[in-house]
Amino acid sequence: MGNRFTRGVAAVAGLVLTGTGLTTVSAAPAAASAYDCPVGYFCGWSNKTATGSMWKTKTSVADLGGWDNSIHALMNRSNSIVCLYDAKNYDTSGGYWAEQPAGPEDVYYENLSGTISSIKFIRTERECGHNAYPSWVAETSPRALGFGDMNGDRRADVIVRDKAGRLWFTPGDTTGHLIGSGGWNAMNALTRHGDFNRDGREDLIAREASTGKLWLYPGTGTGSLGTRKLIGSGGWNGMSNITALGDLTGDGRSDLTAVEKATGKLYLYPGTSTGTLGSRKLIGTGGWNAMNALAGVGDMNGDGRPDLYAREASTGKLWLYPGRPAALGGRVLVGKGGWNGMANLIAVGDVSGDGHPDLAAVTNTKNTIDGYAGSAGWLFTYQGQGNGLLAGGKPTDGEWWGLNGFC
Ligand SMILES: [Ca+2]
Ligand SMILES: [Ca+2]
Ligand SMILES: [Ca+2]
Ligand SMILES: [Ca+2]
């Protein structure tokens, strides 16, 4: 909203507000004021100066009734984002805006024109007008690729994290369900590709930012996650681009790769029979710090071994590094440029339903179209050609904004 006026409550003359409430009053107010809004509530006032009658709620209200179009000042003292709609029933067609929690500054807004007709409490801004999760659509593949498929239905699925730190599973039929109710913002790397603990179900691996620990979240076969298991006791903050890439060693177990920040070396961490990682093996002698994204895209070139895609930071080029027995072959150019406009590379498996693995990516703020600034939050899908290369990107859905951690 463009016309709102912001100020801290404590700045109001004669009044001092502390964390516990009102401590000094120069004169007893005759009408409700911003100070009367209790912690945990969204409050609205009839007067533009946050005076007059006060209305409050701690739950969503689809129809404000007698307060319809009558809120002229407001304050959000809840812990939620509150979405304010100009129409009833959370209808977005008349316009809306999201109000963040006021926080310790107790910010309120006055001089509103009085157009609010419904109010919804939400966790993320997306939920003003969208589901918390994005709409993901995938065709059924004629064969199981062994990755990109948590629930084993041969349909590629995607895991996404929202800004509230929740994890969502999107199975490819536009729906989504919650698989992590919170706390996932503590993780600064998420990757999956195949089965690490040898139960036939795809697993998720995450790095905990504060400890540098690596955790295995075993897939249950339904898209959800079982009890996590420690597979790296520390030191993983010294690595970048932690990427599950499939079975490169040829023992039937999925492996992990990562770049050592200090040296730019690429290491392979082989999966073992117990679901842990074995002794690492050098597969790239240097220069890998020049890459700012890796993806274990599966067998892109059809020779039976999993391959690696890498994005070169300085050029925005996309390269294929073909898998060899516990090693990588000479690289092949896949994308001439522009790939820095993608948040990360999502190794989804077969989305198109032709049996070849594909790639997906979501645009970030560096995205450009024909040299002009593009939009962040667009999902692009790239059909694998079976020879290691990709068909041109298809802009698939523009409503993937406000999300991250795609894997
Ligand atoms: Ca699936
Ligand atoms: Ca598993
Ligand atoms: Ca291959
Ligand atoms: Ca495909």
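In this predicted model, strand β20 (residues 265-269) pairs with β21 in the antiparallel sense, over three bridges. Within this pair, Y267 has L282 of β21 as its bridge partner. Both strands belong to an open sheet of four strands. The order of this sheet is β18-β19-β20-β21, and its pairing is antiparallel. The edges are formed by β18 (239-246) and β21 (281-284), each of which pairs on one side only. Neighbouring strands of the sheet are turned by 30° against each other on average, with direction ignored.

Another open sheet of four strands runs in the order β13-β12-β11-β34. Its pairing is antiparallel. Here β13 (177-180) and β34 (403-404) stand at the edges. Each has a single partner strand, so one side of each is left without a neighbour in the sheet. The partner of β34 in the order is β11. Strand β11 covers residues 158-162 and pairs with β34 over two bridges, in the antiparallel sense. D162 faces L403 of β34 across this pairing.

Strand β23 (residues 307-312) and strand β24 (residues 318-321) are joined by four bridges in the antiparallel sense. R311 stands opposite L318 in β24. The two strands form a hairpin with five residues between them. In this hairpin, G316 takes a positive phi near 70°. Strand β24 also pairs with strand β27 (residues 332-335), again antiparallel, over three bridges. L318 takes part here too: its bridge partner in β27 is G335.

Backbone angles in two loops deserve a separate look. Most residues other than glycine have a negative phi. N111 is not a glycine, yet its phi is positive, at about 60°. This residue lies in the loop between β9 (107-110) and β10 (118-122). N111 has 12 other C-beta atoms within 10 Å, so it counts as exposed; the cut-off for that class is 12 or fewer.

T174 is not a glycine either, and has a positive phi of about 80°. The loop that holds T174 runs between β12 (167-170) and β13. Both of these strands belong to the sheet ordered β13-β12-β11-β34. T174 has 13 other C-beta atoms within 10 Å and is therefore partly exposed.

Conventions. Residues are numbered from 1 along each chain as its sequence is written. Chains are lettered from A and ligands numbered from 1 in the order in which they are written. This is a predicted model: local features need pLDDT of at least 70, side-chain atom pairs count only at pLDDT 80 or more; totals for chains, interfaces and linings use all residues. Two strands pair if DSSP finds at least two bridges between them. Axes are lines fitted to C-alpha atoms, for helices over the stretch in contact, and angles run from 0 to 180 degrees between N-to-C directions. A residue is buried if 20 or more other C-beta atoms lie within 10 Å of its own, exposed if 12 or fewer, and partly exposed in between; C-beta atoms are placed from the backbone.
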